[in-house]
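This report describes selected features of one structure.

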Amino acid sequence: NGDLTLPQPTAPALAVTSFFEYLVVVSLGKKRGQGTYEPQITYQFPKLANMELSQREEEEKSLKAILLFCFPEGVNWAPLTEYPSETFSFVLTEVDGSRKNGYCRRLLPHGKGARAPEAYCIISRVACFGLFSKIFDEVEKRRQISMAMIYPFMQSLREAPFPAPGNTVKIKSFIPESGTEIISLTRPLDSWLEHVDFRTLFHCLTNEEVLKVFASTVLERRIIFMAEELSTLSQVLHAVAALLYPFTWQHTFISIVPSVLIDVVMAPTPYLLGVQRSKLDDVTDQSDVSVCSVSGDESTILPEKLQEELLQALCCRRDNSTSEELNKVVSEAFLSFFVKTVGHFSSHVKGSSGRQPGVFQKKSFCKASEHKASQHFVKRFIQTQMFDIFIQEVERRPTQEGFFHKKIAEYQESKKKEKAMRGERACGVNVGIFRQNKQLICHMLLKTTGRDQQ
């Protein structure tokens, strides 16, 4: 098991009927006779014993991976009196290729004196970071009262139907001295962005740096992000992967690399990795130090005109904008980039009729790029695995519709109107010239026939 790839953003949510599969509490226990700690599961809802045998065996494998991701730093912990809670996420990829999202909040349990942090981890088929952050707020509030208070809330949540995009579900929950509370959980309308918040990405990187990262990502290079906070790493990596919509990163994707897996930086294949800054020496001590360096050509990968358009679009975002507003500005800027560079793909899938799959014509597709400057980029991009997987799906289902297709249609329609307006303006200019020269033309005709001599 590993946090290997981001769920397909283009696919609708799979028949999800509940918010989550299970919740575990991971505590740090001191090893006997040693000064080190090891993570261990101290609470689980629902219990493994209540699951079917096949499901229980599968989950037992996942639980071992969860321990690593909840405390990726390893065993070097010490009791603390203060520890700010943080929320982060990861992805578990099963043997059959199915994916589950892990949402984790680490906090210092209520009490006095120095004590070890503990982690609350929810495993779900749902990719919606903001929603689970709110759920963790409720879990943390109940944990400060009693561990027993978590159970009824999670039970109510598990029985509630997962809302459609834009809809709200209300959960009733009783808290001593507060009475029954109604908790409203609203799912974002743009469901393909509900796992993403671009704010952290643009807080850490400038617009120009984001473009360089995007350029490296679209060519499927090896990229390592380093930060101290786990929440920063997970949010930045998921945001970078979301910039690729409607394409999906197909290679190794580990938003938080546990210490025991640090050798993954030696992999010769493309990856997106999040490594805590404290492990910088572990990364640079590897024999292949080049994995941490940039190639130097990042600013030349994207067509210059489209780079300028991306920068102009990103400059439109406001510092006080909401997450939804920021997501809209950023996502539409990068989606527009793909519309203009490869949005003509459907015209180059030939031979499709009815249920018969089509065949993508690479050469004609590259030659038909809207701008000559885009051809070089397109020729490189169509060699990536993410484009290959995307176009294979198009070949199988040439008539599919989606958000990307809608944006392509809107862009093509705007180009038609723009062309028609240019034609009308050109006609107007020609008519004006004709009127200005009408007398001269008539005079020349009269002269030719000799009538001007009469």
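Which residue in β10 is the bridge partner of arginine 222? The partner is tyrosine 271.

## Basis

The model is predicted: local features need pLDDT of at least 70 and side-chain atom pairs pLDDT 80 or more, whereas totals for chains, interfaces and linings use all residues. Residues are numbered from 1 along each chain as its sequence is written, and side-chain values use heavy atoms, without hydrogens and water.

## Three-stranded sheet

Strands β8, β10 and β9 form an open sheet in the order β8-β10-β9, with parallel pairing (strands are DSSP runs of E of at least two residues, helices runs of H or I of at least four, numbered from the N terminus; pairing takes at least two DSSP bridges). β8 (222–227) and β9 (252–254) are the edge strands, each with a single partner, so one side of each lacks a neighbour in the sheet. On average, neighbouring strands are turned by 20 degrees against each other, direction ignored.

β8 and β10 (residues 271–276) run parallel and are joined by six bridges.

## Helix packing

Helices α10 (residues 323–342) and α12 (residues 372–381) pack at about 95 degrees, with axes 10 Å apart (axes are lines fitted to C-alpha atoms, for helices over the stretch in contact; angles run from 0 to 180 degrees between N-to-C directions). α10 is therefore roughly perpendicular to α12 (65 to 115 degrees).

## Cysteines

The whole structure contains zero disulfides (cysteine sulfur pairs within 2.5 Å). For cysteine 316, the nearest cysteine sulfur is that of cysteine 315, 7.2 Å away. Cysteine 316 is exposed, at 57% relative accessible area, whereas cysteine 366 is buried, at 7% (buried is under 20%, exposed over 50%, partly exposed in between; 1.4 Å probe, protein chains only).

How values were computed:
Parallel < 35°, antiparallel > 145°, perpendicular 65-115°, else oblique.
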